[in-house]
Amino acid sequence: QMQLVETGGGLVQAGGSLRLSCAASGRTLSSHASGWFRQAPGKEREFVAAISWSGARTGYADSVKGRFTISRDSAKNTVYLQMNSLKPEDTGVYYCAARGGSLYSSIYYAANDYFLWGQGTQVTVSS
C-alpha cells in the first residue's frame, strides 16, 4: 500500500516562496497521476495543480497560474509544488493526491478522481 507524506509547509510573508514535497513509500509514484489540493479554514478543499504520471502534462487552478509549478522526480519518488509570489489567500492545508491507472498525459482536477491522499501540510502566508 502506497503512502504519501507531504513536507515543506510553514509560515512565510506575502511575496515569499515555499516548495512542498510529496514523497511516496510502498510503491513507485512514477506510474501515478498526481495532484495538489488545498483547504482553507471554513472552506471546501480545492484543486491547485496536477501532473500526469509521465510528467508530460500539467494543469493549474486559475488562482495559481504563473506562480505555482508542479513537477515530479521519478528517481526520488517525489512530486513537488513550487510556490512563488505567495499571497495571504494561499493559506491553507495542502494535500498531495495520487491515482494509478491513468493514461500517459491524463491529469485530474476533481478530488474524487484520486485514490490516495497524504495527511497534509500547513501553509500560512502573512500579509
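Visitor: How much space lies in the largest pocket?

Guide: This is a predicted model, in which local features need pLDDT of at least 70, side-chain atom pairs count only at pLDDT 80 or more, and totals for chains, interfaces and linings use all residues. Residues are numbered from 1 along each chain as its sequence is written, and side-chain values use heavy atoms, without hydrogens and water. A pocket is an open set of points on a 1 Å grid over the protein atoms alone, where a 1.4 Å probe fits, with protein on both sides within 12 Å along at least five of seven lines. The volume, the space filled by probe spheres set on the points, is about 160 Å³ for the largest pocket.

Visitor: How many residues of its lining are charged?

Guide: Lining residues have an atom within 4 Å of a point; among them are R38, K43, E44 and D90. Asp, Glu, Lys and Arg count as charged. Beside one nonpolar and three polar residues, the number of charged ones is eight.

Visitor: Is F37 buried or exposed?

Guide: Buried means under 20% relative accessible area, and exposed over 50% (1.4 Å probe, protein chains only). The relative accessibility of F37 is 1%, so F37 counts as buried.
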